[in-house]
Protein chains: 4
Amino acid sequence: MTRPTLNIALIGSGFMGRAHALAFAAADRTFELPLSPRVVLLADRDPATAQGAAASLGIPKASGDWREAIADPGIGMVAIATPNLLHAPIAIAALEAGKVVYCEKPLATTIADAEAMTAAAAASGRPTAVGFTYLYNPMIALARELIAAGEIGEVTAFRGIHAEDFMASADAPFNWRCEPDQAGGALADIGSHIIAMAQHLAGDIASVAGRLHTAYPTRRDAEGTDRAVTVDDQMDAVVAFANGATGTLAASWIASGHKMGLSFEISGTKGSISFTQEQFNELKLYRAGPGRTNGFTTICAGPEHGDYGAFCPAPGHQIGYNDLKTIEVKAAVEAAAGLPSAAKSFADALAVERVADAIRRSHREGGWVRP
Amino acid sequence: MTRPTLNIALIGSGFMGRAHALAFAAADRTFELPLSPRVVLLADRDPATAQGAAASLGIPKASGDWREAIADPGIGMVAIATPNLLHAPIAIAALEAGKVVYCEKPLATTIADAEAMTAAAAASGRPTAVGFTYLYNPMIALARELIAAGEIGEVTAFRGIHAEDFMASADAPFNWRCEPDQAGGALADIGSHIIAMAQHLAGDIASVAGRLHTAYPTRRDAEGTDRAVTVDDQMDAVVAFANGATGTLAASWIASGHKMGLSFEISGTKGSISFTQEQFNELKLYRAGPGRTNGFTTICAGPEHGDYGAFCPAPGHQIGYNDLKTIEVKAAVEAAAGLPSAAKSFADALAVERVADAIRRSHREGGWVRP
Amino acid sequence: MTRPTLNIALIGSGFMGRAHALAFAAADRTFELPLSPRVVLLADRDPATAQGAAASLGIPKASGDWREAIADPGIGMVAIATPNLLHAPIAIAALEAGKVVYCEKPLATTIADAEAMTAAAAASGRPTAVGFTYLYNPMIALARELIAAGEIGEVTAFRGIHAEDFMASADAPFNWRCEPDQAGGALADIGSHIIAMAQHLAGDIASVAGRLHTAYPTRRDAEGTDRAVTVDDQMDAVVAFANGATGTLAASWIASGHKMGLSFEISGTKGSISFTQEQFNELKLYRAGPGRTNGFTTICAGPEHGDYGAFCPAPGHQIGYNDLKTIEVKAAVEAAAGLPSAAKSFADALAVERVADAIRRSHREGGWVRP
Amino acid sequence: MTRPTLNIALIGSGFMGRAHALAFAAADRTFELPLSPRVVLLADRDPATAQGAAASLGIPKASGDWREAIADPGIGMVAIATPNLLHAPIAIAALEAGKVVYCEKPLATTIADAEAMTAAAAASGRPTAVGFTYLYNPMIALARELIAAGEIGEVTAFRGIHAEDFMASADAPFNWRCEPDQAGGALADIGSHIIAMAQHLAGDIASVAGRLHTAYPTRRDAEGTDRAVTVDDQMDAVVAFANGATGTLAASWIASGHKMGLSFEISGTKGSISFTQEQFNELKLYRAGPGRTNGFTTICAGPEHGDYGAFCPAPGHQIGYNDLKTIEVKAAVEAAAGLPSAAKSFADALAVERVADAIRRSHREGGWVRP
């Protein structure tokens, strides 16, 4: 069977750009995709950087101007892995040019931008996809299926955190993640993952009350200058879901000891599910029952779970982070083909940003805020 | 050495009364106490019940009226294990009569009562002790020492929950715990444990924003009548500590799968400590460092930790819940002797109640409330 | 109901003697025992030591000669907590005098002694009980029930270890546990626990091949003299069970990091059970099945499991090591009353010793040895 | 920098052949390899199968005869992923033709074949590599470094198992893994992994005593015929290492509940390391010390550990099974370039086979057998 080709322009050649390029290649080898993805253009602000990266990644063409991608009618998808500030202009231009857009999270640095991007997507009618990598985990797919099937009853609570510690030390330098206008701060940078997870599993968030905390008021930058930090090192919030459930959300990049602690527990009237990304090939499930042998069951990922089998035919062998990214790319390509897809759209990402923004407003204004 | 005797009147002969009686006996065998505790009187509203319980527990005297204990000048300590509504009148009368008072938690059913009790304690100058059993764990003592010694640096976050599931089923009956005027609801009934833990380890709580949720608006009582439930099944809150740290607190008696899930993590600039009561002979400690072998270390309780050695000379053998109660009684007896003691006082318990009350007000009024 | 009294003579006033005294008291308060146990005599080689211990433990009478206990017709049970060498003479004399005998493990220091003790028990027709404390755990009772009910199918394997590390350091001194004629060495001292567990759960052991290893050929004693060590620091063995299952057994007191690591997994054609004493209020159960949610379930001890409920009416609160000893005493008292009992008899303990002896012979002679 | 090309002939197009092809591509993208690996020929017994697989994997040439690879002077490396019986003839022919040989485990189906292969490698002077995938884990590299650095002192014990359950059910069909002359049975099929791990970390094995057990004497094959099973379902052995340490090894494909349970603990006089492949991005390390905070530390894989950083710049994200295979391929390519390499050679694999053979002989003959 000859599949149509999906020509992709990749914008951004940093770590995430490289990850995209590798994931497109891996996805094509791993899955039977409806389209044959081919990264044909790499754009980066600096032409020489673009040239070098394109060469090393086997991408045929390089450019110093992302507008070249927009203008090229042969490009079907624009994949955005630039600094956050550029997401909006590139995405909107690409959508207006009729391209599918696959964008890294966070969607934008302001709610206004995120809304404009979502509106552009709606106006264009083109599919969109956003890089919430952790949602594409086969064990998260299993969690969602179990919840939908009523295995834990009516959901009553979701409590989760995204905990890392790369800024825990006073010596962690001031960098772009500390700039508020680049979507800096723990809430914007990593909090979006736990908000997205909460919405993915427990549904819409109706109301929040949150608090931001900056542990280090200054940090030294690479030049040795002490810079005032105005973004949050951690965020804590109470949430009420549309379905009546309540819970807590937190995000911290100063959570000493946690390297990739995207962790949650979702409880219902008949059971609970608990998870941590630090052991992401496992899911713990509790189902209430009359017996003497109830308890949390540790389910080990295997080919019977979601896309695991595309990577390994035997259970317990484990997939890795890059494999999650590969599944994410598969979803984006399926969306691009107009097929039903697990891809998270701009509208989904906007909902995440609205919750983050509501937490920020609650911190400033006090009290409950509706996203 | 002949020790003075501490004559104790025990008020209440239910489960907790019995636990007190056994713990006084166990504490005297286990520790070298400064006073010889002797439960000499058991009072219960029903004289026959008092009589029967006293006989079975080897207590020489029984009474149908707790006032008899107050009136008896030979009684040095009054131990209160009655329904919560009676805590205040008994405690205040006992303090006014110059007795030491050892009271079960929660201190009272209203803030006004808790304040009156604390004022009575202050006016009397007599020692008080409150039954926050979980704080007396040797591993919690270790946690406190580590924090005080700066092992985790400046505290930046405390996130904790008291999770049980005895009310998770729709079939769990309406009982006294569902009565608001008896300190019913998850927040009052079990939430006090996690609030007390937070204050014990992270210090004073300056501000809270919280939410209560009632999953089952009605429950059927023992007579088969459907009763409206006005108390909370679960509580979620954001807290800000006086030292600037933030975090979350939750309490739930519908947390499916959790039997004694008093769990928390406290993080600082140099490390973290995590704990769950379901494995309470362990403490997990992370200390930041330059090496390649950092991680959470699971410390196993042994005789080098607090009072563990009084129960067992070898590590890893584990103490049980009743042993924690025995340590609590030791603290109460030490307080009664006027010695430095780990006992939590009425003032400590009032601080807990004030936080619970602030969460309740925040739920009603919205926004941040100061305890 | 007035129960008959069981008068007990306790021989030995060291740590284990004291533990016995406390456990008899605790058992009587905790359970509805068929007999009222009363420790009426404490014997110890040194009369002054006996006197002091009796006073501190509230035992009315003390003696410097255990024969006094045998001679006293009012004594119904002799509880032996002496050095191991004395188990045989005391037990045999007590049985010949018609007493119930409750003896600490290991039963004896030689197979010949253990056989003589078991023969004396048979000849006397009197009940016996041996202190295999860990077998009395409610979660081990649950494991046994699950296996008997076929929940894990036909047993195919048992693999276990008793791992501690109190001799792991080169600085751990030479002491009585290093004396071969006092049942010294890891196999004799702690290996008996894992052998007993294997037999308790997987049945008779038909054949063994084992290896002893002495990591430190000399250790310094308390006087500063370097002493040659002739006992094993660790033992490893392959076992074949009478039912065809195979597995491994190990014992080590140099297993760095393990404090009370009595751990095993028992597997069958339909499931597995795994356990470690370091978290002894839990049992992990796997049951094979067609679904996508199979895995090991962590069962948390509660009142629905064996004798747990006698200590605490709520699950998850945990019982401690001393509570296991209390359950052991209950079994001994029930055996003394002629009731069906979980107590392990001298015959059971002899079977354990025979396996240990077979491992020792296999080490010396090579090859498979039948116990 | 232009690197020389390494032309590779891949023999075998089943699951493992495909895994090789993908891993060569992934290794080249992930690492800076000294040679540019290019799979230029795919051979399979069936020409049409070879053709189809080559097309789908992007391999330019296909053949129905592996001898074509040997005859082609342009081929630098022969990668063998055929049924086990063919390993020896292909490897020996390839070595005699001067090729580097990279072979899947087990090395051969008989000791004689394994010896002949190793002799051919020695005679040819060509590098060899064998697919012991689990040894290439960054956390195993860390374990080895810690042991070499004396962090756990003198090694005293290694106890390990390779536990899976894909044959646990009576319904698991008779297949090629049940054929003794194809290296069938749990010991040969999966036991080689735990033997290799033991040797990798604890050194040479001097002596073994082992036992094989066949739980199901017959199994039904795909045609519905009941076939006698003569291979083992599980193996248990005691081992003595050359350095005096002792321990146990086991392998089972009927270990209900285990999916990829390659698990071990290695203990020394100053510490211990424990590991399970089911959470292979973690290593647990215990170091003895004077303090009150000793315990097993759970180390989470990150870029500071071995080759992890080539896959992900952030810790805790986790690598997957296929990434381990990619690291294995890197080692094979480095060996092919004549560089120092972590690749396991035919001589290493022969040592593994000799231990497996010794266990088999011990089972037949009884007693201790030297590999």
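**Entry 1: A against B, polar side**

I started with polar contacts and got 22 residue pairs between chain A and chain B, both partners at pLDDT 80 or more. For that term I used a pair of N or O atoms within 3.5 Å; within protein, one must be able to donate a hydrogen and the other to accept it, and residues adjacent in sequence count only if both atoms are side-chain atoms.

I kept in mind that this is a predicted model, where local features need pLDDT of at least 70, side-chain atom pairs count only at pLDDT 80 or more, and totals for chains, interfaces and linings use all residues. Residues are numbered from 1 along each chain as written, chains are lettered from A in the order in which they are written, and side-chain values use heavy atoms, with hydrogens and water left out.

Next I listed what chain A brings to chain B. The elements giving two or more residues are β7 (155–163), β8 (205–213), β11 (234–241), β12 (246–252), β13 (261–268) and β14 (271–276) of chain A. Strands here are DSSP runs of E, at least two residues, numbered from the N terminus. β11(A) has the largest share, six residues.

By class, I have 17 nonpolar, 21 polar and seven charged residues on that side of chain A. Ala, Val, Leu, Ile, Met, Phe, Trp, Tyr, Cys and Pro go in as nonpolar, Asp, Glu, Lys and Arg as charged, and the others, Gly among them, as polar.

**Entry 2: A against B, salt bridges and area**

I then looked for salt bridges (a side-chain nitrogen of Lys or Arg within 4 Å of a carboxyl oxygen of Asp or Glu). There are two between chain A and chain B. I noted down Arg159(A) with Asp236(B), whose closest N and O atoms are 2.6 Å apart.

The contact, meaning heavy atoms within 4.5 Å, takes 45 residues from chain A and 45 from chain B. Together they bury about 2,900 Å², 53% of it on carbon and sulfur atoms. Buried area is the accessible area (1.4 Å probe) that two parts lose on being put together, summed over both.

**Entry 3: D against C**

On to the other pair. 45 residues of chain D touch 45 residues of chain C, and these two chains bury about 2,900 Å², with 53% on carbon and sulfur atoms.

On the side of chain D that touches chain C, β11(D) gives the largest share, six residues.

Technical notes
Helices (H or I, at least four residues) and strands (E, at least two) are DSSP runs, numbered from the N terminus.
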